Amino acid sequence: MEKKPPLPRYSIALLSATALAYEVLLMRMFSIIQWHHFAYMIISLALLGYGASGTFLTLSFRRLSSRFATVYIINAALFGLSTLGCYLIAQQLTFNPEELLWDRWQFIRLLGIYLLLTLPFFFVANCIGLALAHHSRETGRIYASDLLGAGIGSIGIILLLFLVFPMKALQVLSALGISAAAIAWLELKLQARRKAFAFLLISFIPLILPSGWTVASISVYKGLKQSLQISGTKIIAEHSSPLGLISIMESTEVPLRHAPGLSLNATSEPPPQLALFTDADAMTVITARSDNLEGLGYLDQTSSALPYHLMKPQKVLILGAGGGSEVLQANYHGVEHIDAVELNPQIVGLVSNEYNDFSGNLYRSKNVDVHVAEARGFVSASKESYDLIQLAMLDSFGASAAGLYSLSENYLYTVQAMQEYLDHLSPGGLLAISRWIKLPPRDSLKLFATTVEALRRSGIKDPDKRLVMIRGWQTSTLLIKNGHFAGKEIEGLKRFCKERSFDVVYYQGIKEDEANLYNILAKPYFYLGTKALLGKEAEAYMRDYKFNIKPATDDEPYFFHFFKWGSLKEIASLLGEGGMPLLEWGYLVLIATLIQVLIASLVFILLPLLFLRRKPAGLPPGISHGRVGLYFFALGLAFLFIEIAFIQKFILFLHHPLYATAVVLAGFLFFAGLGSAWSQRYSDSASFRAGLRQAVSGIIIVGLLYLVLLEPLLSAFSGLPVFFKIVVSLLLIAPLAFSMGMPFPLGLARLGRTAPDLIPWVWGVNGCASVLSAVVATILAIHFGFIVVILLSLILYMVAMLSFHEGWGDG
């Protein structure tokens, strides 16, 4: 009997680490080049390389198995080379998703990008799939290396992105992929070890490529690219981190005049400004110091200045400070103390250090305390009360209007978030939130509905007396008071709007003829909407409205999801008449991704079955393709369902999306890897059913307990420092993840004894299910919430356990 080569455990760990890091990096890079939702679609389809690998290995495993070492090393090297090479080629295919509706060549280019980006995942999946099939009695150890490596990759890529720009990180990953081939050569104890060193030398090539080869080709429709069309504009500096690519742009010929919501009556202009773009969009500005306050007078002509005309706040909290425009506005109105909260430390560093003189020591002023923190988390941890809490408007108008944020979870605009803000207002204090104007109304009405629900949940029986709203030609501003608005304040509201030609949308007692005076619409839509949302028929109004304006919650945190299927036909009929802005592109792209993934998955799952059934030798009696396939398909869906839901739950605990993603991914993968290694003892003793019963029982018991206890537990530990919160998070993840790491290798090990030829096929089935699960989980969360996602995952684990009893060829 031919002796099998040693297990390539270290190279598998490195390949898995690099592959997961590559997946995260591609999402980061395509979010810069395109929009987040198109990045999501492209990467999801590219990950089907795992499904394609299963098909390929099913059809060719017998031929490849006899040359395992050679094929494994070649695929590892091709993975490293293709990570960089395929991306560079894809960059040459100028794809503009905005032109899909009228340019058929965009579909051809999109297909080309799919195929190119699929190749690296195809090659790395070949390596892992080959190892699992070739060493079918040691799947627990191999899968453990796979998961542990992926866990390291999830942390490693975030650390790497703090050190280098995304394109340089891609070059590093390419080098690591190639070096995995060298490690594999040594692990497999092949002769001519000098060839391993040759691979190591080749791995340095990606690191020394000319910088001109790796320049990102950004969509011409993104804000930065559009702004660079203006004469005299140029990028003067760039800074990068996992939170985004910050581009600083100056305009030497045409002055920048960034003042969202500025009144058309305004006569003063902003001082010189520098533009800050995050991921080539979402512009904010750093404004030059002004010798006197009059130079900041333009900030008093925006809709967001309203609260300063109804009260004289002395203590203000600004959430999402960005380049400091809202801080300047507060200074203009003589605020004694300002707490400014900004998530991205690079933006704070730019204003405080590199451009401190330009900004006039804005973030170093005695009355300004700047906090690098996530806004919701800062409020939750704070014991302070404020006269005014202001949510800055940092998303771009173009992206907001096109519905490009509809896939993005946002915990700043949920019912629970509003309750927390209101709890931190001093008596008579104001919460002020400004949003871009959309027609027909969407953001503004959804925000109003969310606030009304928050007030009612807080026991407020008269929310109508605590709300006012105004709108200009570009923005709306909603004020919520910790108390009732008095007649004097309503008079100040009317005077403010009249002087700036803003329209009053709502105050308690407003008449319809007061609501549509300056920025005239066919009907006073905003007024009618706010009145309906405060009335007894609010539920019916939201149900019948053309867009989804149902209040966002922490369980369904998709504030920017406005799409309704019932309106699609009507909107589609208007596409040729300027109806494009009515389409919520983010959600539609998600549905398109689901359809494409389903079709590709069916091909990758069913095609190998035809081959398997036609093989002369056939399969052992008692094997049920349906039961075996269902088992691995259910596991692929369930694992990602839980992982995605837990990332969302821990965002609210760790109060930072970056920390939450890194900790949850690393925690699940690391402890699942330990569970996989533990499962090997059940495989060695052929007690597969016993191992699976214990694993699934653990998953269901812990999962159900967490549905009831997780939020109280997280609340109990919410006051801890970040380091201890991370430790608590990992301890909570450990028991669930450990059990989740066992079913997959147990199933592979059982097949290794009864039908090893099926291992490549189920590897592909699981890969397709994993890709599908990310898309389906997002759709389910949008419509039903993350609790439903977790419940479904537990049901899927039960389905997997039931399908494990029979049809596996061993009685």
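Me: How many Å² does the accessible surface of the protein come to, and what share of that surface belongs to carbon and sulfur atoms?

Reply: Bearing in mind that this is a predicted model, the accessible surface of the protein is about 31900 Å², and carbon and sulfur atoms hold 63% of that area. Turning from the surface to the interior, 62% of the 811 residues count as buried.

Me: What does the radius of gyration say about the protein, and which secondary structure elements does the chain contain?

Reply: The chain is made up of 29 helices and 12 strands. Its radius of gyration is 28 Å, close to the 28 Å from the globule rule for 811 residues, so the protein is as compact as a globular protein of that length. Along the principal axes, the C-alpha atoms fill a box of roughly 95 × 55 × 55 Å. Among contacts with a separation of 6 or more, 78% are accounted for by residues 24 or more positions apart.

Me: Is Pro441 buried or exposed, and which residues does it touch?

Reply: A residue counts as buried when its relative accessible area is under 20%, and Pro441, at 2% relative accessibility, is therefore buried. Pro441 sits in the loop between strand E9 (425–436) and helix H17 (443–457), where, leaving aside residues up to four places away in sequence, it touches Tyr525, Phe526 and Tyr545. The C-alpha atoms of Pro441 and Leu751, 310 residues apart along the chain, are separated by 57 Å.

Me: Is Lys366 buried or exposed, and where in the chain does it lie?

Reply: The cut-off for an exposed residue is over 50%, and Lys366 is exposed, with a relative accessible area of 87%. Lys366 belongs to the loop between helix H13 (356–359) and strand E7 (368–372).

Note on methods
Residues numbered from 1 in each chain as written. Predicted model: local features only at pLDDT ≥ 70, side-chain atom pairs only at ≥ 80, totals over all residues. Heavy atoms only, no water. Helix = DSSP H or I, 4+ residues; strand = E, 2+ residues; numbered from the N terminus. Rg over C-alpha atoms; globule rule 2.2 N^0.38 Å. Buried < 20%, exposed > 50% of the residue type's maximum accessible area, 1.4 Å probe, protein only. Contact = heavy atoms within 4.5 Å. Areas by Shrake-Rupley, 256 points an atom, 1.4 Å probe, with all protein chains shown as cover.
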